[in-house]
There are 2 protein chains.
Amino acid sequence: MAQAGIAVHGGAGGRPPADDRPHRKALEQALEAGARALREGGSAVAAAQAAVELLEDCPLFNAGRGWVLHQDGAVEMDAGIMCGRTRRAGAVAAVTRVRNPIALAAAVMERSDHVLIAGDGAERLAKAWDLRFEDSAWFVTERQLERWNATARGTVGAVALDSAGHLAAATSTGGTRGQIPGRVGDSPLVGAGVYAEDGVCAISATGDGEALIRAVAAHEVAALVRHRGMDLGEAARTVLEYRVRPLGAHGGLVAMSAAGDIAKPSTTETMYRGWLTADGWARTAVGPGPAA
Amino acid sequence: MAQAGIAVHGGAGGRPPADDRPHRKALEQALEAGARALREGGSAVAAAQAAVELLEDCPLFNAGRGWVLHQDGAVEMDAGIMCGRTRRAGAVAAVTRVRNPIALAAAVMERSDHVLIAGDGAERLAKAWDLRFEDSAWFVTERQLERWNATARGTVGAVALDSAGHLAAATSTGGTRGQIPGRVGDSPLVGAGVYAEDGVCAISATGDGEALIRAVAAHEVAALVRHRGMDLGEAARTVLEYRVRPLGAHGGLVAMSAAGDIAKPSTTETMYRGWLTADGWARTAVGPGPAA
């Protein structure tokens with residue numbers, strides 16, 4: 001039996017909030033939700049999904065409830081999930097009323113022959129599959145908007161390793177402020193913002209989405225591990241420093257190796273991170289803490 | 001000065017048509033359009049785009065004019081383009097009335113801060129940028145539908161190397177028959193169906209889109225070249241045989257190395273391919289020809 005584990009993030013970038021206790025609390029709750037799934041024999045996919053759903057429901061982060069205002073004021077969310085065991089993946093882009101985009105992404109993975117579904121087509125599936133919807137008032141309130149203006153952005157994500165040794169990654173976002181309607185970022189894209197492969201690693205990335213796409217960041221971390229035999233932490237830092245930064249961009253990621261090692265580097269001042277230590281304690285960091 | 005070059009494809013899969021001369025003729029015309037751009041000092045991006053636009057306009061292939069019937073009869077097209085020099089990329093998904101999706105993808109790359117735009121948002125940009133639109137009758141006719149039923153599917157794509165040594169890749173598709181509305185395949189996704197990086201290679205892939213996404217196929221070819229020092233042909237075959245086929249899937253790709261070597265392997269019975277030989281002749285193949 002592998003040493004099961006989980007790590008989560010609430011996005012990279014922006015300045016640290018004056019009071020980061022609510023953020024840390026939310027990260028701990030997400031870790032606990034994932035850890036509970038793992039303890040109860042759930043798969044890495046179930047654990048990553050459970051953690052991300054909790055972060056989606058938390059208005060402090062830019063995914064699900066608590067999004068980003070788009071250029072025309074629309075609410076658009078993207079999410080992607082990948083199973084390392086089967087290398088199956090599911091993702092949705094530009095959905096607007098599904099409460100938990102990561103749950104819809106997981107349903108696309110499990111119930112359709114496709115990987116990525118965008119817009120109305122995705123919402124029609126969510127209806128057919130009886131997923132929970134919310135109206136736009138649920139996703140954003142005046143208070144959330146003020147808080148957003150005062151603090152940071154933040155895609156959310158999770159990586160998990162279950163006791164059977166399988167890996168999974170999940171990422172969910174409300175997009176980038178002022179983005180063009182229909183813009184799809186890295187979060188739902190396999191190899192960019194989300195990637196998992198048993199025996200290699202699982203990655204959930206966040207930051208400047210366009211650069212993460214162009215660098216195929218998550219898959220490049222896996223490629224360095226597979227082809228160069230790099231240690232996961234070194235691979236993760238190498239991608240951020242030598243593949244993403246040269247594009248004039250910044251970001252961070254959480255990653256889990258096949259052995260359960262966790263890396264969580266960022267090149268930003270702020271990155272919301274949470275992880276379980278080997279003895280089961282939940283740890284969180286927000287400022288420019290140790291890179292990995 | 002590098003030895004400029006170009007290769008194109010019209011998709012993989014299905015059975016070879018009884019008469020493949022119209023397909024070969026179209027591939028030759030696409031090569032000639034790309035070669036002309038290169039001769040006139042155009043960039044690899046301009047050459048790849050010119051070749052793909054011609055294939056989009058040709059009703060024999062499943063991109064632009066000549067698409068695939070979706071589950072609900074909608075016409076949806078995806079396209080992506082990437083510049084190896086800058087590693088900038090542009091892509092659109094689920095557009096329905098833009099005549100040349102690859103031109104819109106190129107405009108996203110050149111005129112926006114984003115990489116991928118889906119649906120209405122993409123069409124609004126096309127309008128703002130004065131791109132050419134067509135009504136649905138232009139994209140499909142009864143005759144095309146009959147021909148489609150009788151023959152093959154076929155995403156289109158091109159890879160090019162310009163005389164300054166820069167690489168580019170472009171891919172465009174009308175989707176997969178019977179797909180769910182909003183489904184996005186590998187074609188517009190950086191690292192899946194399209195990838196270019198100077199000094200490494202350019203790739204345009206085609207085939208079972210979901211598997212190409214899950215294998216991050218185009219980026220994996222580049223990873224084998226960069227990290228393993230593999231020859232391009234070997235890298236391309238390795239990805240199709242050992243990363244895509246184990247997912248129960250088939251496909252093909254055209255690829256160009258930084259030195260101008262061309263690889264064009266497929267694991268399908270049919271793949272429409274065209275390339276320029278070193279002495280400038282246009283060559284085409286449709287059946288299960290030499291793999292690379």
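This is a predicted model: local features need pLDDT of at least 70, side-chain atom pairs count only at pLDDT 80 or more; totals for chains, interfaces and linings use all residues.

Student: OK, what does chain A contain in terms of helices and strands?

Tutor: Chain A has nine helices and 13 strands. Its C-alpha atoms fill a box of roughly 45 × 40 × 35 Å along the principal axes.

Student: And how much of chain A is buried?

Tutor: Of its 292 residues, 64% count as buried. The accessible surface of chain A comes to about 10100 Å², with 47% of that from carbon and sulfur atoms.

Student: What about contacts between residues at least 6 apart in sequence, what share joins residues at least 24 apart?

Tutor: For chain A that's 67%.

Student: Charges next. How many positive and negative side chains are there in chain A?

Tutor: There are 30 positive and 33 negative ones, and the centres of the two sets lie 2 Å apart.

Student: Now the pair. What rotation puts chain A on chain B?

Tutor: A rotation of 180 degrees, with 0.0 Å of shift along the axis, and the RMSD is 0.0 Å. The two copies are therefore related as by a two-fold rotation axis. Both copies also use the same surface, since 100% of the contact residues of chain A recur in chain B.

Student: How many residues are in contact across the two chains?

Tutor: It's 41 residues of chain A with 41 residues of chain B. Between them the chains bury about 3600 Å², 55% of it on carbon and sulfur atoms.

Student: Which residues of chain A lose the most area there?

Tutor: Arg87(A), Arg214(A) and His227(A), which together make up 20% of what the chain A side buries.

Student: Switching to helices. Which residues of H4 in chain A are buried?

Tutor: Gly119(A), Gly121(A), Ala122(A), Glu123(A), Leu125(A) and Ala126(A), in a helix that covers residues 119-128.

Student: And what do those pack against?

Tutor: Strand E3 (89-95), helix H3 (101-111) and strand E4 (116-118), each in chain A. After H4(A) comes Asp130(A), with a positive phi near 65 degrees.

Student: What about Leu31(A), where is that?

Tutor: Leu31(A) is in helix H1 of chain A, residues 21-39. Its relative accessible area is 0%, so Leu31(A) is buried.

Student: What does Leu31(A) touch, leaving out residues up to four places away?

Tutor: Among them are Ile6(A), Val8(A), Trp275(A), Leu276(A) and Arg283(A).

Student: Last one: where does Pro265(A) sit?

Tutor: Pro265(A) is in the loop between strands E11 (262-263) and E12 (271-276) of chain A. Pro265(A) is buried too, with a relative accessible area of 1%. Its C-alpha lies 5.6 Å from that of Gly252(A), 13 residues away along the chain.

How values were computed:
Residues are numbered from 1 along each chain as its sequence is written. Chains are lettered from A and ligands numbered from 1 in the order in which they are written. Side-chain values use heavy atoms; hydrogens and water are left out. Copies are superposed by least squares on the C-alpha atoms of residues with pLDDT of at least 70 in both. Contact means heavy atoms within 4.5 Å. Helices (H or I, at least four residues) and strands (E, at least two) are DSSP runs, numbered from the N terminus. Buried means under 20% relative accessible area, exposed over 50%, partly exposed in between (1.4 Å probe, protein chains only). Accessible areas come from the Shrake-Rupley method with a 1.4 Å probe; for residues, only the protein chains shown count as cover. Lys and Arg count as positive and Asp and Glu as negative; His and the chain ends are not counted. The place of a charge is taken as NZ of Lys, CZ of Arg, CG of Asp or CD of Glu. Buried area is the accessible area (1.4 Å probe) that two parts lose on being put together, summed over both.
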